[in-house]
Amino acid sequence: GMLNGGLPIPSARLGPAQVISSTVKTASGYFSTSALPAQTRVASTVSVAGATRVVAGAGANGAGASQTALQRKQMERLSDQLEGCEEAESIRRTDLAQQVGAQLEGMTDSDSTASPPPPTFEPWPGEEALIDDGFNPGTMFELTRRIREACQDMDQHQGGPAVVSPALLLMLLGKVEDLLHRRGLKALVEFPTPPGERIIVVGDLHGQLKDALWVLFRYGLPSESSGNIYLFNGDIADRGRFAVEIFVLTLGWMLVFPNAVFVNRGNHEDLLVNTSRCGGFYDECISKYPEHGRLVFEAFGRVFAALPLAYLFGPAGARILVVHGGIPRVPTQMIPALRHMSSRGPTVPMRTSTLAEVVVKDILWSDPQDRAGQDVSSRGGSLMSFGPDVTLKFCHDELIGLVVRSHEVPASGEGFAFMHHNRLCTVFSASNYKGIEQNSGAVLFITSADLAVGNLAKSVRPEVYYAPSLSQACKSAPEPPEELAESEQAKTPAARQQREASRRTEAARTEAASRLAVKQEDPAGKTIKDDNTQKVAEMVVAHKEDLWQALWEKDLGLRASPPRRSGFVTFDVWKDVCQVTLGQAVNWEAVGSMLGVVESFPPHRGAVDYNRFLHRFHVCLREDGCVRATWIENVLEMMVEKLMSLSLEELFAFFDQDRNGRLTIAELALAVKNLDAGLTPKQVRGLFLTFAVHCDEEVESSIEVEPFLSALVAAAGEEGQAEQSQHARAQSAWPQWAARYLRHLGREIWEGSEHDLLAQFKSFDADGSGLLEPAEFVKIMRALQARCKEPGTVVLPESSLLQLARLADFDSSGAVSYMEILLALQPKDTALGGRVRFDLFEQICATVWCNQEALLSAFHALDPDRTMMADAAMLTQALNGLNRTIGGSQGHRPLLPVQIEALVSHIQMDENGHVNYNAFLDAFHVIDCAG
């Protein structure tokens, strides 16, 4: 509502006791102050025209350019929506992680519960001055230069090795922790008289070093002498790969100038969030400090816990409150709660039990909304959003002129946005966020002298920028702080202003060229589309069973007479199911268009093949990971080998208990239970749905037994996957002629119909025993051979066919069962077996992948010595801890003990029987099979 060309902004819906002016001037705008007591009102016009914009605007070049820009804008909005869903899912997972970690805390075989003494580190060459002399303007300026030079050739998206030693980093973090403790661990820092000459509020940086360096180049390094004050408003960590370096810069300069650098805590300054999928800071610490990454990570956590949550500048009535997220659900208790809050933890509880916990969570996570009142946030059910009436009443009650927050990319893409009658401002400083959004970044200038006399309007000015590439930002050297200036002339305000104006002119040219280059790199927006697709993939695999069940029940075929499932739903149904299951705040029509889920050709034009959609995304193992992809075959092989000796009648009766020729979920569950196959009820249902899609011409609530058995055999006997099973070892010893003959013969059967094989089996089972004697086996082979069209199939003499009968008798019973003839004839290149195996395998992989944060929390609780290594016992204990926690909250355990045992036994350990548990978790990842 800021740049509205003079149009009035509708007043917020307020309570009867509130009287708020809704008059709005023009594009220059102003803060509505009629809600404040008359004696505290101030001139509060904000000159938005003064919001300096120094980058070249992007004009439309014709209709094609306009359409492309519109599509990109839609992708950017979709990216923000999906990020909100990602954070909501991460909140749920971090909550589970807190529960698992608490359950296992102290459950260790370690002889002592005390933490081991920290290791001794040596500084790297060039760091001796900082270690010996401490942090002063000269040593910190040199460290800033070293960081710029070290990172200049690194990939801004992939990161690189550490550029400061663990010795220096841990010393810095320890000193910062001491400084914050000396300040009393205040949650609210108040400055009735604003410090310095100006305060530069920097919003989210999210590990984007290029933006941090560009801000320091553009506006100068911090300086107490010149009054150049910085307030970093949280979310330095996560997403980007250079958060460590940004923390070194911000916290290092804080040690040098404790009255010129301040840091607020954001929702991403949280150790559990850092380990989540919307995080990344834990991985950054581990990758940069492989041996001591956890020690470094936990040292950061102690600093996070000590950071303030809010800053309050200026006199009553014109005060500016700076928080990361926003106003809590208990606005009237926010300021008192913060003033009395003395301690916080490195992780913010998602399950709140005290007023202080509610205030902390909301300050870090809440968002503004256009509608009045308070609502559930799009980020998740336990979070909230607040409307303009909440902001205006809060400002009225607390004599605040403006609330400044960060936490999200403004919809305008300008890096800042005024809302709620211009009483709330969002500042976001990570330009071209994540390398895909092409948004501008911004900082907010607060002129201390103007604010000190209550001139709020004149004191506030946003400034927009667009940081160039990391390489270019590293080459742009900031000038030394005034404390290092060599002449008195250089310290005068006029000289400083002239130098800054010169830097801004230089920066404007660089930024315009950089923005153009970024747009030309990816004019069609492929990068952001790929990123959005990956986010959707992760959402789908986390809720695949729920999606399948909902879509299954709304199948288009159920409208027919008689009703038979077709595997298709209408696009509207698909959108509704995704909205309910995956996220209300996402434009699922845009997602459907992005993924191309709608059929273009008859007979299902306009509908969605939901099986194809769900099978597009999978959790699988990395090829170079430490978990071997063979452990799932144990389940399938065991099922097949237990069924191998059954006669035809016994086999069919085992599955088809009501003898109607079809298999239901209940019948499969009973059969699996009787086999003691080691599958949970949820996994049995998933297995049935998999077979239903792959085995039946019509997707129905029951499936034919014959194709089910064929698929089961195919899954257990896939080549290269089951070499250790009984039948696989026997087949590997077969003569070459026998293997080749049965392969040719089997392909004809498997590409035709299992009904033919079953009919032949019954017709040649002369005694009706349900088993084929050798002579009966010879007859069925001749019959199959006679109708085989496969070229190269030779006619074998009876002696050879009798030898085949002996080979196919895997259990050496003297007769060949139906399962054995299926195994003998199964060609190794059938796709069916791979698909069934893959889907069943994924159910267990997904359990690990979906709960990585909880498992990492369990490993940390069980590893007090911070070795980052786990043996089989610790892995089992962590998985059992996850099982108990989920079982207690959801009523079922996702993994059976036999599955945990099998999974652990197939992890590749080192010579000491250990595996890096970070590598174990990293072995599971999500893929897009259409990508």
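Author: Start with helix α23, residues 648-655, in this predicted model. Its buried residues are Leu648, Leu651, Phe652 and Phe655. Where do they sit around the axis? They cover an arc of only 90 degrees, which puts them on the same side of α23. "Buried" here means under 20% relative accessible area.

Strand β15 spans residues 460-465. Five of its six residues are buried, so β15 is largely enclosed by the rest of the structure. What does β15 pair with? Strand β14, residues 441-447, is joined to β15 by six bridges. The two strands run antiparallel. Look across the pair: phenylalanine 445 stands opposite arginine 461 in β15.

Step back to the whole chain. It has 931 residues, and 58% of them count as buried. Its elements are 37 helices and 23 strands. Contacts tell a further part of the story. Take those in the chain with a separation of 6 or more: 76% of them are between residues 24 or more positions apart.

Next, the empty space inside. Rolling a probe the size of a water molecule over the atoms shows where empty space is left. How many cavities of 30 Å³ or more does a search of the whole structure find? It finds three.

The largest cavity has a volume of about 60 Å³. Its lining is made up of Ala212, Val215, Leu216, Pro222, Phe232, Leu249, Thr250, Trp253 and Val261. Two elements each give two or more residues to this lining: α5 (209-219) and α6 (243-256). By type, eight of the lining residues are nonpolar, one is polar and none is charged.

The second largest cavity has a volume of about 40 Å³. Ile91, Thr94, Gln98, Asp270, Leu272, Val273, Thr347, Val348, Met350 and Trp365 line this cavity. Here the elements that give two or more residues are α1 (62-104) and α7 (271-275). Which of them gives the largest share? That is α1, with three residues. The lining of the second largest cavity divides into six nonpolar residues, three polar and one charged.

Go back to the structure with these parts in mind. Then follow β14 along β15, in the opposite direction. Last, look for the largest cavity, with α5 and α6 at its lining.

Key: Residues numbered from 1 in each chain as written. Predicted model: local features only at pLDDT ≥ 70, side-chain atom pairs only at ≥ 80, totals over all residues. Heavy atoms only, no water. 1 Å grid on protein atoms, 1.4 Å probe; cavity = no way out; pocket = protein on both sides within 12 Å on 5 of 7 lines; lining within 4 Å. Points joined across faces, edges and corners; volume = space filled by probe spheres on them. Helix = DSSP H or I, 4+ residues; strand = E, 2+ residues; numbered from the N terminus. Nonpolar A, V, L, I, M, F, W, Y, C, P; charged D, E, K, R; others polar. Buried < 20%, exposed > 50% of the residue type's maximum accessible area, 1.4 Å probe, protein only. Arc of directions from axis to C-beta. Pairing = 2+ DSSP bridges. Contact = heavy atoms within 4.5 Å.
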